[in-house]
Amino acid sequence: MQSVKIKSALISVYYKDRLEPLVELLKQHGVTIYSTGGTQTFLEEQGAQVVAVEDLTDYPSIFGGRVKTLHPKVFGGILHRRDNQSDLSEREKYEIPPIDLVVVDLYPFEETVASGASEADVIEKIDIGGISLIRAAAKNFKDVLIVSSREQYDEVVELLQAKDGATDLEDRKRFAAKAFNVSSHYDTHIFNYMNADNENQAFKQSVQHSMPLRYGENPHQKGTFYGKLEDLFEQLNGKQLSYNNLVDVDAAVALAAEFEEPVVAILKHTNACGCAIGDTIKEAYLSALSSDPVSAFGGVIIANRTIDLPAAEELNKLFFEVLIAPEFDADALDLLKTKKNRILLKQKPVELPTKQFKTLLNGVIEQDKDLATETEADFKTATKRQPTAEEKKALVFAAKVCKHTKSNTIVLATDKMMFSSGVGQTSRVDALRQAIEKAQSFGFDVSKTAMASDAFFPFPDCVEIADKAGVKAVVQPGGSIKDQDSIDYCDAHGMAMVMTGVRHFKH
């Protein structure tokens, strides 16, 4: 293990916080420190002796600070090979001092974009000198230690304390990998900003934060979540979220976002087995549970209002994996926390991405999220009979749930609750029959429901089956070459059917 004692360091950072312990350690070891601008001022305020980069290069910072470290005496000090006699001779000839440690971070490009700043301000936050220094030091990890983020300060301080101001090759290579992670992440965000019109057909994504999962979909599969889950949720109780939990939580969040009224949805394997609105969360929950109390066991539950004690007392009677809500009353939380493994998530108001992607075959597929939600204004009545006001409300409710259910799907619902659904069937007829049978098995009168389909009816068989079960109002996208056959059947049997023109496949 090639040990290198740090004798000189270049420090130039945008963020000065958390830097003090490292500066103090370098002072204790008598390290020569090079710096410039605001960082130099900060270091001198910490009592460090600093050599200005301008004095090293004999060249001033120019163009408003755009060019200050881009000089052979800086990059030569970093990049020359300590075991290469030719490099050493040139270093001596051009009076280039060696630099053993580079501490550099980058301008806040992501944060500037997120703030809604002007293009001119965003462009100024594209770092040139910093990214170049990071890459140079990381490339020459054989001789140089690169610290590329304030998140690494504590680690490097512990390292230098443990090794008396020196580093091993393994240490430097590990920090080099961190540096290329920082630089590639930075460049990815710049590319995606500059490529907003998608003129360059390339898939580039970068997520810095990760969370190991207990396992993937099954125990023999490894799983990891990439992202900052804590930005969206505060976990108030329970065990670590699993891969399957996260998939269901994602589906639950998307479904609940469709409703402004107090709503509770219960999901199993990403599909709602219950969904209802009510005057209170307790009322909504009991209605949602009644749709399918069997499937609700071990499910994921979401509410879009505060969980109060009356709701918690009912919820506490059921075994479920996860409960999501924007807030929990203190007494409700105390009761729900009596089950130590029960996962309780407080949802924060965070804007979610509008793109979706996943690996497929030997590549990646990407699409816009399905953000289309139809209202009564989008309904185009195709039949002679117009749906009643109550039926229209039921059709809107059913269509919202249907949008978030695996295809092929049929949803039967009133204006306040889902009665049942047929989920993920290879035939739409099978999906309908499953929905009818399931609703009837729990004692529901199907004639009180409206029916929603995620895609068009290729034949009139679905409206015929629905009619014979008592359903009299239907919403579907339309677009089949045989739409008229379904319309004719509805007209002959007093049914109302509206079309939206929007398909909601969900695979």
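This is a predicted model: local features need pLDDT of at least 70, side-chain atom pairs count only at pLDDT 80 or more; totals for chains, interfaces and linings use all residues.
Glu95 sits in the loop between helix H5 (85–93) and strand E5 (101–104).

Most residues other than glycine have a negative phi, and most peptide bonds are trans. With that in mind, look at the phi angle of Glu95: the value is near 55°, which is positive, and this residue is not a glycine. Is Glu95 buried or exposed? Its relative accessibility is 61%, so Glu95 counts as exposed, because the cut-off for exposed is over 50%.

Thr270 also has a positive phi, of about 75°, although it is not a glycine. You can find Thr270 in the loop between strand E11 (263–268) and strand E12 (271–277). Here the relative accessibility is 9%, so Thr270 counts as buried; the cut-off for buried is under 20%.

| Residue | Phi | Relative accessibility |
|---|---|---|
| Glu95 | near 55° | 61%, exposed |
| Thr270 | about 75° | 9%, buried |

There is one more backbone feature to look for. Which kind of peptide bond leads from Ser407 to Asn408? The bond is cis, with omega near -15°. Asn408 belongs to the loop between helix H15 (389–403) and strand E19 (410–413).

**A buried asparagine**

Now turn to a residue inside a helix. Asn245 is part of helix H11, which covers residues 243–256. Its relative accessibility is 5%, so Asn245 counts as buried. What does Asn245 touch, once residues up to four places away in sequence are left out? The partners of Asn245 are Arg214, Gln240, Glu321, Val322 and Ile343.

**Two helices side by side**

Finally, find helix H16 (residues 428–441) and helix H17 (residues 461–469): their axes come within 9 Å and cross at roughly 15°. Angles under 35 degrees count as roughly parallel, so H16 is roughly parallel to H17. The crossing of the two, H16 and H17, is right-handed.

Which residues make the contact? From H16 come Arg428, Val429, Leu432, Arg433 and Ile436. From H17 come Asp461, Cys462, Ile465, Ala466 and Ala469. Sorted by class, the contact of H16 with H17 has seven nonpolar residues, three charged ones and no polar ones.

How values were computed. Residues are numbered from 1 along each chain as its sequence is written. Side-chain values use heavy atoms; hydrogens and water are left out. Helices (H or I, at least four residues) and strands (E, at least two) are DSSP runs, numbered from the N terminus. Buried means under 20% relative accessible area, exposed over 50%, partly exposed in between (1.4 Å probe, protein chains only). Contact means heavy atoms within 4.5 Å. Axes are lines fitted to C-alpha atoms, for helices over the stretch in contact, and angles run from 0 to 180 degrees between N-to-C directions. Angles under 35 degrees count as roughly parallel, over 145 as roughly antiparallel, 65 to 115 as roughly perpendicular and the rest as oblique. A crossing is left-handed if the near helix is turned anticlockwise from the far one by less than a right angle, and right-handed if clockwise. Ala, Val, Leu, Ile, Met, Phe, Trp, Tyr, Cys and Pro count as nonpolar, Asp, Glu, Lys and Arg as charged, and the others, Gly among them, as polar.
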